[in-house]
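The sequence and model are shown first.

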Amino acid sequence: MNWDDLRFLVTLGREGTLAAAARRLAVDQTTVARRLRALEEGLGTALFERDEGLWRPTAVGARVLERAARIEEDVAGITRLAEAGAGAVGGVVRITAVSALIGEWLAPRLPGLYARHPELRIDLVATNDNLNVARREADIAIRLARPASGDFLIRKLAEVGFALYGAARGDLAVSAGDWVAYNEDLDHTPEMRRLHAMLGEGRIRLRSNSLRGLVRAVAGGVGHGLLPCFVADADPGLVRLSGAEPMLYRELWMLIHPDARPLARVAATADWLVERFDAEAASFAGRTPSPRAAPP
């Protein structure tokens with residue numbers, strides 16, 4: 001058996017289609033299919049079956065997948081232990097967070113990290129998906145909720161305040177009942193639950209999965225929005241309507257696998273993140289001395 005074939009097996013089981021597995025592995029679909037056939041021939045049994053375009057594990061395949069996933073995590077742990085022996089701060093650190101945090105806050109501040117550690121390289125993965133830290137899909141994850149389970153080193157980075165915002169331009173006639181909101185798949189979030197509680201007879205005129213899109217829509221007069229203060233307070237096109245105190249808070253947490261924390265590159269990046277969030281805690285909380293407010 002070629003142990004590397006297990007990597008293809010686990011990825012196909014996780015992604016569900018040849019196309020998605022091929023994209024994740026950076027190979028073509030033919031290679032994924034070939035490696036799966038080689039593994040099935042070596043084991044003498046079918047591990048997947050096709051079902052309406054999806055690849056579903058057989059009963060044996062499900063048990064093999066469970067074992068293979070543990071092997072994958074063990075291999076990742078061995079790699080981290082080996083890398084921990086090299087104390088130089090260099091190489092790649094992969095950070096995953098929601099797109100708003102990466103695009104609006106983290107990316108513009110990276111020159112400070114590079115100035116401190118010139119050999120460091122950063123991969124930013126802007127996604128709402130929970131990339132797996134244990135499998136090294138990410139070295140550091142920043143999440144808008146404390147993880148309920150998992151073998152992680154966790155640290156609270158900040159409180160994120162949310163407030164009600166409207167367009168700063170006085171010549172835009174915006175109905176008090178018009179709103180912008182995230183797409184329905186985010187209706188479970190605290191900010192969207194609060195918005196729906198305030199909606200009443202109002203209407204949601206625009207939905208988007210892009211915070212930047214919602215900010216621009218509010219500034220353009222499409223409707224009002226419940227937005228994170230660290231983004232909205234800095235935008236000259238917006239004005240805070242709900243007063244100096246944010247309407248709700250969410251906690252921002254950093255997750256690191258215990259084996260990754262001793263790596264010099266991960267430790268240096270994590271320490272820098274803590275420094276930056278501490279320095280800008282008031283901005284994240286929305287408790288800045290004088291946010292732009294609507295005129296009385």
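The residues that line the largest cavity divide into eight nonpolar, one polar and no charged. In this sorting, Ala, Val, Leu, Ile, Met, Phe, Trp, Tyr, Cys and Pro are nonpolar, Asp, Glu, Lys and Arg are charged, and the others, Gly among them, are polar. The model is a predicted one, in which local features need pLDDT of at least 70 and side-chain atom pairs pLDDT 80 or more, while totals for chains, interfaces and linings use all residues. Residues are numbered from 1 along each chain as its sequence is written, and side-chain values use heavy atoms, with hydrogens and water left out.

**The cavity**

A cavity is a set of points, on a 1 Å grid over the protein atoms alone, where a 1.4 Å probe fits but cannot get out; its lining residues have an atom within 4 Å of a point. Points are joined across faces, edges and corners, and the volume is the space filled by probe spheres set on them. The count comes to one cavity of 30 Å³ or more, and the largest cavity has a volume of about 30 Å³. Its lining consists of V180, A181, Y182, M192, L195, L214, G225, L226 and L227. Two or more of these residues come from each of β7 (178-182), α6 (190-199) and β9 (225-228). Such elements are DSSP runs numbered from the N terminus: helices are H or I with at least four residues, strands E with at least two.

L214, one of the lining residues, belongs to helix α7 (residues 211-219), where L211, L214, V215, A217, V218 and A219 are buried. Buried stands for under 20% relative accessible area, exposed for over 50%, and partly exposed for values in between (1.4 Å probe, protein chains only). Just after α7, G221 takes a positive phi of about 90°.

**Salt bridges**

Side chains of opposite charge can pair when their charged atoms come close. A salt bridge here is a side-chain nitrogen of Lys or Arg within 4 Å of a carboxyl oxygen of Asp or Glu, and the count comes to 18. The table gives three of them.

| Pair | N to O distance | Relative accessible area |
|---|---|---|
| R109 and E280 | 2.7 Å | R109 25%; E280 14% |
| R203 and D178 | 2.6 Å | R203 48%; D178 6% |
| R240 and D233 | 2.5 Å | R240 1%; D233 14% |

R109 and E280 form a salt bridge. Because R109 lies in helix α5 (residues 99-116) and E280 in the loop between α9 (264-279) and α10 (281-285), this pair ties together parts 171 residues apart in sequence. R109 is partly exposed, whereas E280 is buried.

R203 and D178 form another salt bridge. R203 is in strand β8 (residues 203-208) and D178 in strand β7, so the parts tied together are 25 residues apart in sequence. R203 counts as partly exposed, and D178 as buried.

In the salt bridge between R240 and D233, R240 is buried and D233 is buried too. Elsewhere, salt bridges that share partners join E104, R212, R216 and D235 into one network.

**Aromatic rings**

Rings of Phe, Tyr and Trp (its six-membered ring) pair if their centres lie within 6.5 Å; planes under 30 degrees apart are stacked, over 60 edge-to-face, and the rest tilted. The structure holds four such pairs. The rings of F277 and F284 have centres 5.0 Å apart and planes at 40°, so this pair is tilted. Both residues, F277 and F284, are buried. Together with W105 and F230, F277 and F284 form one aromatic cluster.

Methods
On a 1 Å grid over the protein atoms alone, a cavity is a set of points where a 1.4 Å probe fits but cannot get out, and a pocket is an open set with protein on both sides within 12 Å along at least five of seven lines; lining residues have an atom within 4 Å of a point.
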